[in-house]
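Hi there,

Here is the structure I promised to pass on to you. Please open it alongside this email and follow along.

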Amino acid sequence: MVQNLIKQLPGPDQLGVLADMKDEYDDLAESEQFGVVMSSVKRLMPRLQAILFKLQFEEQLNNIKPDVVSVTAACEELRKSDTFARLLQIILLVGNYMNSGSRNGAAFGFSISYLCKLRDTKSADLKQTLLHFLADVCQEQYPDVMSFTDELIHVEKASRVSAETVQKNLEMMGRQIKSLQKDLETFPPPQSDKDLFAQKMSSFVSHAQEQYEKLDLMHKNMEKQYSDLGDYFVFDPKKISVEELFGDLNNFKNMFQQAVKENQKRKEAEEKIKRAKLAREKAEKEKEEKLKKNQLPDINAEGDETGIMDGLLEALQSGAAFRRKRGPRQADSIVSLSQLVLETCLVTLCVFLWCFLFYSCENHVVCATMINLHVCVCWCAGLICIFFSPRHYIHVWIY
């Protein structure tokens with residue numbers, strides 16, 4: 001309200017005209033009556049400006065003080081952070097390795113602004129950046145460095161602070177306090193007992209001066225901390241502002257954290273692809289083994305002797321040689337039984353024929369020789385069947 005009143009307040013000439021109309025006070029409108037009353041107040045504009053300053057003083061103080069505290073704390077955190085210093089050493093080492101053989105190979109340091117450019121250097125496949133590589137190296141080999149983000153907690157707030165704006169607001173506050181002090185020194189005596197302006201403003205000026213001196217001391221300490229930080233990191237505080245420095249550091253901190261998350265996602269995706277590949281290879285291997293088992297030769301089958309040695313080895317390895325096939329054997333047994341009966345009948349007929357020849361033949365020596373020759377052939381055939389076809393040995397033996 002006071003601010004709007006200052007904006008809408010008539011000029012000194014108009015206030016003089018309103019003051020001359022005090023005798024016609026009862027005949028004036030309400031707004032004009034208000035103007036007549038206001039024109040009777042001595043030094044009206046300085047009073048209103050002093051009241052407005054008093055009302056806004058705490059707000060101004062709360063706007064300046066947190067910014068000063070944030071920048072001071074950020075400077076101290078940056079100088080005391082061992083993990084951040086270790087990270088800078090790693091970055092310098094990697095940079096010298098990459099630039100080995102060039103004029104930039106044996107550098108002793110680099111500009112803080114270079115930190116945000118680490119993302120611009122990409123790998124050959126364009127899938128990763130130098131920042132991703134550094135984050136991966138730190139996470140695997142230097143895990144203690146990963147906590148540097150927790151040590152720089154005030155960097156984000158300091159990145160939003162304009163040191164120039166803070167200084168201007170502080171100087172304006174000082175000028176307003178001095179102006180109010182001068183006004184109080186030359187202020188006229190109170191117009192009435194209800195005029196407590198000078199009394200109230202005198203106590204406020206003392207409080208405001210005390211708060212201003214504390215804030216000014218904090219601001220000077222902030223400037224000293226920032227100047228020392230420039231000496232520590234070798235940069236010119238006058239050329240690089242507070243906002244630029246902590247803005248770059250805050251961006252780097254956010255990019256580093258983002259790179260760590262992206263590396264984690266990439267590793268999870270690679271692990272997922274690896275597990276899927278292993279599962280696919282395992283399934284293909286099982287399928288091949290199943291096909292091999294189905295294609296193993298039947299060692300009990302007749303008439304197929306090609307590759308019998310390889311078939312026997314595979315059958316022994318897979319265990320197929322020890323599995324009995326009961327289905328076909330029943331049919332083979334029926335055929336063998338009928339064949340045995342037929343051959344037994346033939347043998348019986350041969351025996352009768354030999355006896356007939358032996359008793360009817362006059363040359364018994366020749367007949368006996370033929371019978372012995374036939375017996376020798378049967379025994380030789382039996383021995384051969386023992387090694388090659390044991391199933392037919394009984395048939396030959398009967399012969």
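Helices (H or I, at least four residues) and strands (E, at least two) are DSSP runs, numbered from the N terminus. With that in hand, look at helix α10, residues 197–233. Its 37 residues reach 52 Å from the first C-alpha to the last, close to the 54 Å expected at 1.5 Å a residue; the expected span is 1.5 Å times one less than the number of residues. Just after α10, Val 234 takes a positive phi of about 55°.

A word on how to read all this: the model is predicted, so local features need pLDDT of at least 70 and side-chain atom pairs count only at pLDDT 80 or more, while totals for chains, interfaces and linings use all residues. Residues are numbered from 1 along each chain as its sequence is written, and side-chain values use heavy atoms, with hydrogens and water left out.

Next, the aromatic rings. Rings of Phe, Tyr and Trp (its six-membered ring) pair if their centres lie within 6.5 Å; planes under 30 degrees apart count as stacked, over 60 as edge-to-face and the rest as tilted. The count comes to eleven aromatic pairs.

For accessibility, buried means under 20% relative accessible area, exposed over 50%, and partly exposed in between (1.4 Å probe, protein chains only). Phe 148 is buried at 1%, and Phe 256 is buried at 2%. Phe 233 is buried too, at 15%, whereas Tyr 232 is partly exposed at 41%.

On a 1 Å grid over the protein atoms alone, a cavity is a set of points where a 1.4 Å probe fits but cannot get out; lining residues have an atom within 4 Å of a point. Ile 91, Val 94, Gly 95, Tyr 114, Leu 118, Leu 130 and Leu 134 line the largest cavity. Helix α5 gives the most to this lining, with three residues.

Happy exploring!

How values were computed
1 Å grid on protein atoms, 1.4 Å probe; cavity = no way out; pocket = protein on both sides within 12 Å on 5 of 7 lines; lining within 4 Å.
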